[in-house]
Amino acid sequence: MAANKSQELIQQLLQAEKQGEDLISTAKKNRLAKLRLAKEKAEEDLQAFRAEQEAKFQKETGTKAAADPTAELKDSTKAEIDMVSQDYQANKTKTIQYIVSKVMEVSTELTDTQKQALKTGTV
């Protein structure tokens with residue numbers, strides 16, 4: 001009987017070991033399945049994000065491509081030309097008066113350096 005009893009215990013031990021291995025195997029399969037699901041979900045989220053960003057990019061570039069860059073440049077150039085014209089008109093009379101006053105203001109006296117040069121005969 002003791003041999004029979006030990007055989008039963010060995011069988012129980014082997015069965016428990018097999019159940020443990022089955023449990024571990026099932027846990028590994030479940031873990032892999034969850035990882036696959038998580039990966040698939042992440043890929044779906046990534047695809048949605050990429051599509052959203054691509055649509056946003058296309059919208060932004062579409063509006064920029066539709067806009068005429070030369071028109072914007074023409075507007076800014078015209079504004080700058082108008083500013084220069086205003087400055088010209090505002091300062092024209094002052095500049096003319098300054099130049100005329102400098103031309104009409106001729107000194108009739110010789111400077112000390114000029115007098116010295118005449119005395120020494122270097123000129």
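A salt bridge is a side-chain nitrogen of Lys or Arg within 4 Å of a carboxyl oxygen of Asp or Glu. Keep that in mind for the tour, and start by selecting Lys41 and Asp45, whose side chains meet in such a salt bridge at 3.1 Å, N to O.

**Before you go on**

What you have open is a predicted model, in which local features need pLDDT of at least 70 and side-chain atom pairs count only at pLDDT 80 or more, while totals for chains, interfaces and linings use all residues. Residues are numbered from 1 along each chain as its sequence is written, and side-chain values use heavy atoms, with hydrogens and water left out.

**Stop 1: the whole chain**

Zoom out and show the chain as a cartoon. You will find three helices and zero strands; here helices are DSSP runs of H or I with at least four residues, strands are runs of E with at least two, and both are numbered from the N terminus. Read along the sequence, the pattern is α-α-α. The radius of gyration is 49 Å, well over the 14 Å that the globule rule gives for 123 residues, so the chain is more spread out than a compact globule. That radius is taken over C-alpha atoms, and the rule is 2.2 Å times the number of residues to the power 0.38.

Turn the model around: along the principal axes, the C-alpha atoms fill a box of roughly 150 × 50 × 20 Å.

Of the 123 residues, 1% count as buried, where buried means under 20% relative accessible area, exposed means over 50%, and partly exposed lies in between (1.4 Å probe, protein chains only). The chain exposes about 11900 Å², and carbon and sulfur atoms supply 59% of this area. These areas come from the Shrake-Rupley method with a 1.4 Å probe; for residues, only the protein chains shown count as cover.

If you colour by charge, you can look for 20 positive and 20 negative charges, whose mean positions are 3 Å apart. Lys and Arg count as positive and Asp and Glu as negative, with His and the chain ends not counted; the place of each charge is NZ of Lys, CZ of Arg, CG of Asp or CD of Glu.

**Stop 2: helix α1**

Select residues 2-66, which make up helix α1, and pick out Leu35 within it. Leu35 is partly exposed, with a relative accessible area of 46%. For a sense of distance, draw a line from Leu35 to Gln97: they are 62 residues apart in sequence and 87 Å apart in space, C-alpha to C-alpha.

**Stop 3: the salt bridges**

How many salt bridges does the structure hold? There are three. Side chains of opposite charge can pair when their charged atoms come close.

- Return to Lys41 and Asp45: they are four residues apart in helix α1, so about one helical turn separates them. Lys41 is partly exposed at 48%, and Asp45 is partly exposed at 41%.
- Next, select Lys18 and Asp22, a salt bridge whose closest N and O atoms are 3.6 Å apart. This pair is also in helix α1, four residues apart and separated by about one helical turn. Lys18 counts as exposed at 52% relative accessibility, whereas Asp22 is partly exposed at 40%.
- Then move to Asp82 and Lys78, where the closest N and O atoms of the salt bridge are 3.4 Å apart. These two lie four residues apart in helix α2 (residues 69-104), about one helical turn from each other. Asp82 is partly exposed at 35% relative accessibility, and Lys78 is exposed at 51%.

**Stop 4: a nonpolar patch**

Select Ile96, Tyr98, Ile99, Val100, Val103 and Met104 together. They form a nonpolar patch on the surface, with about 650 Å² of accessible area in total. Patches are made of residues with over 30% relative accessible area and no salt bridge: like charges are joined within 9 Å, and nonpolar side chains (Val, Leu, Ile, Met, Phe, Trp, Tyr) within 5 Å.

Ile96 lies in helix α2 and is partly exposed at 48%. Met104 is found in helix α2 as well, and counts as exposed at 66% relative accessibility.

**Last stop: from Met104 to Lys115**

Finally, draw a line between the C-alpha atoms of Met104 and Lys115. These residues are 11 apart along the chain, and the line spans 23 Å.
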